[in-house]
Amino acid sequence: KRYQNIQFNMDSEPQKDNNIIQEGDAVVLYEDINNSNIHKMTSHGYVDNRFGRFKFSEIIGKQFGSKITSKKGFMYALKPTPTLITQSLPHRTQILYNVDISVILLRLDIKPGSKVVESGTGSGSLS
């Protein structure tokens, strides 16, 4: 739900210096490998995390890649890439039920004796 109503215009025309964070830009605030979130920069916005409160008004005007510090720690303000966006979105597992599995098997024309290779890191419910 957190990201449902956020819309980012990542295809806007380049500004004079598109390496500078501007109001309305999408920015990935990267704490560490397990904690990164994407935010739309607004002058009145902020984010609270384990390092304290970071006001977006203090991030706007800095370069992408800047280290944003507080008394308790730091994070990086990164330009969104497909990889960073994927890492920033919440991940939920998807359980496949018998009805779903039946449709998958029929669409793939899998029959007794077929050789199937399945790989992944999910719940394993299809196996």
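Read along the sequence, the predicted protein follows the pattern β-β-β-β-α-β-β-α-α, with 3 helices and 6 strands in total. Helices (H or I, at least four residues) and strands (E, at least two) are DSSP runs, numbered from the N terminus. Residues are numbered from 1 along each chain as its sequence is written. In this predicted model, local features need pLDDT of at least 70 and side-chain atom pairs count only at pLDDT 80 or more, while totals for chains, interfaces and linings use all residues; side-chain values use heavy atoms, with hydrogens and water left out.

An open sheet is formed by 4 strands in the order β2-β1-β6-β5, with antiparallel pairing; two strands pair if DSSP finds at least two bridges between them.

A search of the whole structure finds 1 aromatic pair. The ring centres of F74 and Y76 are 5.7 Å apart and the planes are at 80°, so the pair is edge-to-face. Rings of Phe, Tyr and Trp (its six-membered ring) pair if their centres lie within 6.5 Å; planes under 30 degrees apart count as stacked, over 60 as edge-to-face and the rest as tilted. F74 is partly exposed at a relative accessible area of 34%, and Y76 is partly exposed at 29%. Here buried means under 20% relative accessible area, exposed over 50%, and partly exposed in between (1.4 Å probe, protein chains only).

F74 also takes part in a contact with a charge: K67 lies over the face of its ring, at 4.1 Å from the ring centre. Elsewhere, the charged end of R53 sits over the ring of Y46, 3.8 Å from its centre. A charge sits over a ring if NZ of Lys or CZ of Arg is within 6 Å of the ring centre and within 35 degrees of the ring normal.

The segment after α3 (98–107) contains D109. Most residues other than glycine have a negative phi. D109, although not a glycine, has a positive phi of about 55°, and is partly exposed at 48% relative accessibility.

Across the protein, buried residues make up 26% of the 127 residues.
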